[in-house]
Amino acid sequence: MVNLTIDGVPVSVPKGTLLVEAVKKIQQEIPVYCYHPKLGPAGLCRVCLVDIEGMPKLQIGCNTPVAEGMVVRTRGEKVDTGRAMVLELLLVNHPLDCPICDKGGECDLQDYAMAYARGTSDVADAKTSKPKGVDLGPTIVLDEERCVVCQRCVRFDELIVGDQQLVLKDRGHKDMIATATGEPYRHHFTGNVTELCPVGALTSKTYRFKSRPWDLTRTQTSCTQCSVGCRMNADVRGGTLLRTMSVESDDAISDGWLCDRGRYNIGYVDSPERITQPLYRKDGSFVQISWDDAFALWAKALHDAKSAPESVGVIGGGRLLNEEAYLLGTLMRAIGVRNIDWRAGVQRQATPGRFSGTLEQLESANVILVIGASPAETAPVLDLRIRKAVRHGGRRFDIDAQNETAALMAARDARSVALVWDGSDVALGARFHELLSGHASLSTFIAGEQGNARGAEALGLLPRDTSLDTAAMLDAARAGTMRVLNLFGVNPALNFSDPALVAEAMRATPFSVVTELFMTETAKQATLVLPVRSAFEKSGTIINATGELLPVEAALEAPVGVLSDLEVLIGLAQALDIALPTEEEVRRTVIAAAAQRSDDAFGDARYVWSQKQAVQAQRRHLFAGGGTSAHDVRIAALRPADSLAIPVGV
Ligand code: SF4
Ligand code: SF4
Ligand code: FES
């Protein structure tokens, strides 16, 4: 530890700490533009000047490490004069844009100018004008004349994403942020630069001119769009979700970042295409019915099948909250139903067994083996941890036939190894797990797409013993032996490896229920479609890919007439006259389920389909063509273009 004095207060901090961080110990702040805790110092803007006793000139607090006996002043005439000069220079060409700037009210230039700058300027020349409203790419707009050239955006691309798309072009008063190639600025994490930018130079297309920060109501929640579960702030104005923002202090899960899916795929909650009333198929077309009638019809169908519970199937749960997943399993088992499976797409396993790792282990691994789809598409912020490991000297192998041997040899000699798998090809996962399980320091991760797949597994939404899995349920349905199919928040008609089987199964099942936000490919084939809340409209918990129990908080009211899956299950239980566990019992079960660590290895028999189903080499994309992202035209440019794969030889 190093002892020093800051503004007259004795402080003790670890050796190597920068002054900018040390002052936080005494709840003080040194203003910064180019410095950021996750990017480190750059020494570009000079706004962080401090006075250090014994040094003739002011020093920059962002790049000066503490020293024993150091005496530092963060305010005082000398510091304030220096800072005021820096701000005056930064403001020389800055437009007086605040009234129309999206950053107004949360802008570091505004705040520091108010705190430290003079109210007037000696510069008489006209300001240099630069381009405004430059379209940088599908997500970001640049107002160049607001830029203070801190280069946080440039360094984010270089250091965190490892992509180096943004660069600073030209020099002096002509400098300009642009992409190196002139191509649109495009990767999976672009939105983070709008938060890093200390001024209003970089703004999100989806949020421009939408609100002032003081008009927003903020709710901290967890993103449910993949298995990482990034902590996020949901900002709502007048009942509309306007933006999601990262939680800077969330070192444990998101590391302070959001991917563009978590940030931009939010407009669907306001889509006019959302269903808001139960729909019942009558004479080939859907008619609106009341919730009471919906519960009565559903309960009757289940009641009629009571003597043959093996003819009832439940598919879904990976998109439900833990509490909903638990009630779903409990209610269905209470009426004798055993065919329950959360899996409706290509992912078959969510719990990585006894070597389940933490994100700290992942980012410090020496060798990382990635098998299956890239986590950049399925669990993007987890991929940033892998990039961090690589930045610190780790070696990443995206396994294919060519590099498999080299990867395994590198793993054998490495101090710590991480295995990251997409959870789809069970045999492949099991093989690599087996090959690596003798390693002294192995951590395993399943980077899946479904936000709460691990929660669904922990709460029992997997087939047991002789009960049917999804593939077997669909097969049985096609053969005409299923009487009721219950689908919760899943769209197998789009995501299952054999959509034709799904269509035939739905057609052959006398009564099928789908809980959904939209008329999905599967919902269109159902008997009863029930409108449910999005994750922004309900509260509960999820379990993420590393086994963390994370809270989800409602930030929005749901549209009138829409219930949560939990309320739907309670309504069904009442119609069936089944008593459900109390809130307290549910809470305790969820906590216990999250704490329990499974010993199952990769490739446990439960994860293998009972019916032969090819593991489809599906193209994965962050904004996969279907799903919620299809319901927001503002992000249409982010979705993959439609394409058709034609098998060779046909
Ligand atoms: S655009 Fe923003 S983040 Fe990038 S250099 Fe300019 S002020 Fe800094
Ligand atoms: S990585 Fe996953 S959890 Fe995090 S913001 Fe993106 S979609 Fe949401
Ligand atoms: S924050 Fe210290 S030089 Fe920019």
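Helix H8 passes helix H18 in a left-handed crossing, a term used when the near helix is turned anticlockwise from the far one by less than a right angle. The model is predicted, so that local features need pLDDT of at least 70 and side-chain atom pairs count only at pLDDT 80 or more, while totals for chains, interfaces and linings use all residues. Residues are numbered from 1 along each chain as its sequence is written, and chains are lettered from A and ligands numbered from 1 in the order in which they are written.

H8 and H18 pack at an angle of about 20 degrees, with their axes 9 Å apart, and H8 is therefore roughly parallel to H18, as angles under 35 degrees are classed. Contact here requires C-beta atoms, placed from the backbone, within 7 Å.

| Helix | Residues | Contact residues |
|---|---|---|
| H8 | 322-334 | Glu323, Glu324, Leu327, Leu328, Leu331 |
| H18 | 565-576 | Asp565, Leu566, Leu569, Leu572, Ala573 |

These contact residues divide into 7 nonpolar, no polar and 3 charged.

Around ligand 1 there are 14 residues, of which Cys147, Cys150, Cys153, Cys197 and Ala201 come nearest; a residue is near if its C-beta atom, placed from the backbone, lies within 6 Å. This shell divides into 12 nonpolar, 1 polar and 1 charged.

Cys223 is found in the loop between strand S11 (217-222) and strand S12 (231-237). Cys223 counts as buried because it has 29 C-beta neighbours inside 10 Å, where 20 or more are required. Not counting residues up to four places away in sequence, Cys223 touches Gly229, Cys230, Met232 and Gly262. The C-alpha atoms of Cys223 and Ile542, 319 residues apart along the chain, are separated by 9.6 Å.

Technical notes:
Nonpolar A, V, L, I, M, F, W, Y, C, P; charged D, E, K, R; others polar. Axes fitted to C-alpha atoms, helices over the stretch in contact; angles between N-to-C directions. Helix = DSSP H or I, 4+ residues; strand = E, 2+ residues; numbered from the N terminus. Parallel < 35°, antiparallel > 145°, perpendicular 65-115°, else oblique. Contact = placed C-beta atoms within 7 Å. Buried ≥ 20, exposed ≤ 12 C-beta atoms within 10 Å, placed from the backbone.
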